Amino acid sequence: MDGAVPLFRMEGISKRYGGVRALEKAELSVTPGSIHAILGENGAGKSTLIKVMAGVVAPDEGRMILDGNEVNFASPAAANKAGIVCIFQELSLVPELSVADNIVISDPPTRFGMIDRKAQRRIAEEALARAGGADIHPLALVKDLPLSRRQMVEIAKALARKPRILILDEATSALTATDVAKIFEVLKRLREEGLALLYISHRMNEIAELADQCTVFRNGRNVASYAAGSKSDNEVVELMIGREYSHIFPPKPVRAASDAAPVLEARKLSWADRLDNVSLTVGAGEVVGLGGLDGQGQRELLLAFFGVLRGLSGQILIDGRPVAIASPAAARDDRVGMALIPEDRKTEGLMLPMTVRENLSFAALDRLSKAGVIDRAAEQRLIDDMVGLLAIKTAGLDIPVGALSGGNQQKVVIAKWLMRQPRIILLNDPTRGIDVGTKQELYQLMRKLAEAGAAILFYSTDYDELIGCCDKVLVLYDGAVKRELVGAEITERALISSALNIHGENAGPRQGADA
Amino acid sequence: MKDWRYWLAEQRGTLLAFGIFIAMFVIYTTNHPAGFTANVVQTASNKGVLLAFVAMAQTLVVITAGIDLSVGMIFTLTNCLASWLVIGTGIETAFGVVAVLGTGLLCGAINGAIVIYGRLQPIVATIATGAVYFGIALLLRPFPGGSVNEDLADALTGRLFGVVPASLVVLLAVVLVVWVPFSRSVLGRAAYAAGSSETAAYMSGVPIRRGKFAAYALAGLLAAIGGLFLTFFTYTGDAAYASGNAYTLFSIAAVVLGGVSLFGGKGSAIGAIFGALAFRTIGDLLFVFDFDPLWQPLFQGVILLIAVSLGAFALFRVRNRLEWFL
């Protein structure tokens with residue numbers, strides 16, 4: 001596609017969220033009649049980039065040029081009108097409306113001021129056929145469709161808007177192999193029709209099959225652009241990593257990986273289509289990491305241990321004995337002694353308008369009370385201990401927890417569970433959105449707890465953290481453990497290549513790392 | 001699946017409410033001393049349409065995942081206003097009707113503006129505006145009184161061709177003129193989409209604000225039609241606090257009975273109408289079976305509880321317990 005006139009260009013686009021730099025002078029140019037793949041790790045800025053393109057977020061600086069004219073999109077509707085249509089990772093379908101309603105939702109055909117249902121039906125059927133989903137009934141409600149069918153509806157909806165640039169963000173992550181093949185045919189046909197397609201995927205084999213042009217993002221910048229097929233998988237992984245390694249992690253104890261008796265053990269856990277025969281052990285004093293791309297079943301695994309999922313198959317063993325954990329209340333019970341630091345502290349971890357004191361003692365109230373009456377003195381002692389241990393910076397215990405900084409809020413969530421002295425600690429991406437200083441304190445705390453004998457299972461989307469903190473890392477892909485890395489095997493290269501499943505389906509667990 | 005099955009699934013709530021109402025009404029008329037006569041139907045219809053109008057109003061707002069606790073007060077306010085204005089010559093009466101309906105529309109528009117542009121929760125905003133509307137009603141009619149154009153009142157509460165209750169015909173006309181166009185317009189769809197998933201609707205470029213605003217404003221209009229009819233039945237205006245509140249609460253009950261989801265995005269005003277008619281028939285049933293009227297709130301509560309429980313069965317199928325709280 002060299003020499004083709006770019007249809008759309010982004011120049012010097014920057015975007016910050018608070019102190020976090022999501023995009024830093026990013027550049028991108030898109031040519032008609034080609035498929036352009038965007039690559040990068042979790043948090044490299046890909047999602048922000050397409051949100052800027054699609055008018056969902058406004059950039060702090062930079063220009064966007066469409067057909068030689070500078071454009072600014074105030075809303076997704078404005079971007080649509082200009083011909084830029086995005087299929088987002090989080091689906092944008094309205095669940096209670098029918099498939100046809102959803103397909104025409106941005107611009108329904110009208111007749112005498114009312115929606116023309118016949119025309120709507122026709123448009124929907126055409127769009128579904130073009131998207132390879134002709135078997136979906138236009139009158140079905142979206143909420144009744146399985147995820148893979150919904151994705152087809154998303155694509156049909158995008159096509160009904162007659163896009164010039166179509167952006168697909170992880171559009172195939174929920175699809176089965178047959179559906180993916182169908183979508184690929186559709187995408188290739190659209191390319192022949194002269195559309196510009198932006199394709200964001202973590203699946204290297206898909207990119208190899210589809211893309212004409214690739215751009216790699218890292219830390220909010222585009223670091224390389226090349227014609228598809230001109231670089232090997234390993235070179236691409238190098239491009240995606242390439243950042244300085246920070247020494248903020250406490251030293252790991254030197255010991256054989258298998259010397260600890262397992263405190264927490266899973267045998268062949270499966271749930272719905274999200275977990276697939278997961279087996280693992282976590283010993284006392286061990287920090288076990290969960291790696292892989294976002295959304296490969298890591299969260300569900302933690303929820304499964306914590307008694308949130310129903311219809312779980314397989315076995316969970318505590319201290320070698322099988323247990324049935326039916327609810328979070330059962331999981332935190334002394335016989336299990338489990339704590340979960342949830343991913344979204346604002347909804348699952350804290351009651352924001354309530355005070356720091358109340359939030360801290362929620363999980364431990366049963367231990368602090370006799371016959372339903374809270375022992376205020378004991379509560380105070382324990383709270384003082386925790387505030388000291390975690391160095392929580394707060395103007396007082398009686399101010400709303402929502403007034404604290406993100407890092408201190410997260411410390412409150414952790415302190416709340418430590419008040420129960422849990423033996424098993426599950427952490428769900430606990431450092432997301434907090435500052436480096438607090439992160440460092442959390443790493444040290446984690447190690448301190450492990451040394452005191454806790455078994456820690458730690459999911460993180462940040463590969464540095466997994467390398468710096470964990471004694472062992474399990475890499476998940478499609479709900480199954482693809483690889484187990486122990487000690488020195490935990491390298492960025494090994495984590496990324498197994499997360500992308502580059503070694504193919506038959507890469508068994510415990511293969512030697514290739515770093 | 002065939003098309004009609006999808007249609008059936010979509011209309012299930014409405015059909016269920018229709019079925020409940022028909023069953024109750026058949027029991028009622030067969031046990032009524034006079035039986036199924038034009039007179040009995042007319043009385044029942046006149047009692048039923050008041051709540052039906054207010055329930056339609058509530059439906060529009062509930063579809064957007066909001067709630068309007070001021071509908072009963074708009075109903076009361078417009079009743080009081082009509083007892084001053086809907087009187088005199090034909091022209092004067094017509095002007096009065098337009099003014100009353102315009103007032104309802106304005107009340108609804110104020111609710112919508114506060115909720116959408118002021119970003120207040122619907123429940124708080126409409127409690128406050130409801131109190132204001134009732135305050136104005138009280139200033140208009142400190143004591144029950146006033147009068148109405150009786151020719152018009154008798155025509156609209158009487159019978160057409162000696163058999164069909166005129167109030168039912170008006171209800172049907174309002175459905176055709178207000179509800180059907182709204183539900184099939186882009187704005188109506190925006191209201192549904194906003195109620196079902198506001199984020200998805202926004203991401204799809206749906207005119208959410210205009211859709212919600214139209215829903216609130218039309219809700220005010222429908223409540224005003226109800227207020228007008230109340231004046232036609234009673235020939236007076238009465239700023240009765242208890243009655244206004246009762247209509248608000250009963251409208252929510254009727255909406256739920258009619259298969260409209262309080263979570264928004266689902267249901268039809270036609271279902272709510274049958275919900276309202278069914279809810280009204282409970283009282284009549286107690287009457288024909290010689291129950292003390294004291295039993296009425298108890299029975300209405302039980303019926304409502306049963307109807308609401310039916311909707312909760314879906315929770316048994318949830319596999320991720322966190323979804324209980326969504």
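Predicted model: local features only at pLDDT ≥ 70, side-chain atom pairs only at ≥ 80, totals over all residues.

User: OK. Which domains does the assignment give for chain A?

Analyst: The assignment gives domain 1 (8-247) and domain 2 (264-500) in chain A. Taken over C-alpha atoms, the centres of domain 1 and domain 2 of chain A are separated by 34 Å.

User: Now the open sheet in chain A. What's the strand order?

Analyst: The order is β14-β13-β16-β17 (chain A), four strands with antiparallel pairing. β14 (275-283) and β17 (321-323) of chain A each have a single partner strand, so one side of each is left without a neighbour in the sheet. On average, neighbouring strands here are turned by 20° against each other, direction ignored.

User: Which helix packs on that sheet?

Analyst: That's helix α9 (residues 298-305) of chain A, which touches β13 (262-271), β14 and β16 of chain A. Its direction makes about 65° with that of β14(A).

User: And how many bridges link β16 and β17 of chain A?

Analyst: Three bridges, in the antiparallel sense, join β16 (residues 313-318) of chain A to β17(A). Leu317(A) sits in strand β16 of chain A, and opposite it in β17(A) stands Pro322(A).

User: Is Leu317(A) buried, exposed or partly exposed, and why?

Analyst: Leu317(A) is partly exposed, because 15 other C-beta atoms lie within 10 Å, whereas being buried takes 20 or more. Leaving aside neighbours within four places in sequence, Leu317(A) is in contact with Glu265(A), Arg267(A), Pro322(A) and Val323(A).

User: Switching topic: what does the hairpin of β11(A) and β12(A) look like?

Analyst: Strand β11 (residues 213-218) and strand β12 (residues 221-227) of chain A pair in the antiparallel sense over six bridges. Two residues lie between the strands, and Asn219(A) takes a positive phi near 50°. Thr215(A) stands opposite Ser225(A) in β12(A).

User: And Ala74(A), where is that found?

Analyst: Ala74(A) is in the loop between β5 (69-71) and α2 (76-81) of chain A. From Ala74(A) to Ala54(A), 20 residues apart along the chain, the C-alpha separation is 9.5 Å.

User: What about the largest nonpolar core? How many residues has it?

Analyst: The largest nonpolar core has 249 residues, and Leu426(A), Ile456(A) and Phe53(B) have the most contacts inside it. Helix α11 (residues 208-234) of chain B gives the largest share of this core, 16 residues. Domain 1 (8-247) and domain 2 (264-500) of chain A each contribute at least three residues to this core.

User: Which residues is Phe53(B) in contact with?

Analyst: Apart from neighbours within four places in sequence, Phe53(B) is in contact with Leu222(B), Ala223(B), Ile225(B), Gly226(B) and Phe229(B).

User: Last one: how many residues are in contact between chains A and B?

Analyst: 24 residues of chain B are in contact with 28 residues of chain A. On the chain B side, α1 (3-10), α8 (166-184), α9 (186-196) and α10 (198-203) each supply at least two residues, and α9(B) gives the most, with five. By type, the chain B side divides into eleven nonpolar, seven polar and six charged residues.

Conventions:
Residues numbered from 1 in each chain as written. Chains lettered and ligands numbered in written order. Pairing = 2+ DSSP bridges. Axes fitted to C-alpha atoms, helices over the stretch in contact; angles between N-to-C directions. Contact = placed C-beta atoms within 7 Å. Domains from an automatic or database assignment. Core = buried A, V, L, I, M, F, W, Y, C linked by C-beta atoms within 7 Å. Buried ≥ 20, exposed ≤ 12 C-beta atoms within 10 Å, placed from the backbone. Nonpolar A, V, L, I, M, F, W, Y, C, P; charged D, E, K, R; others polar.
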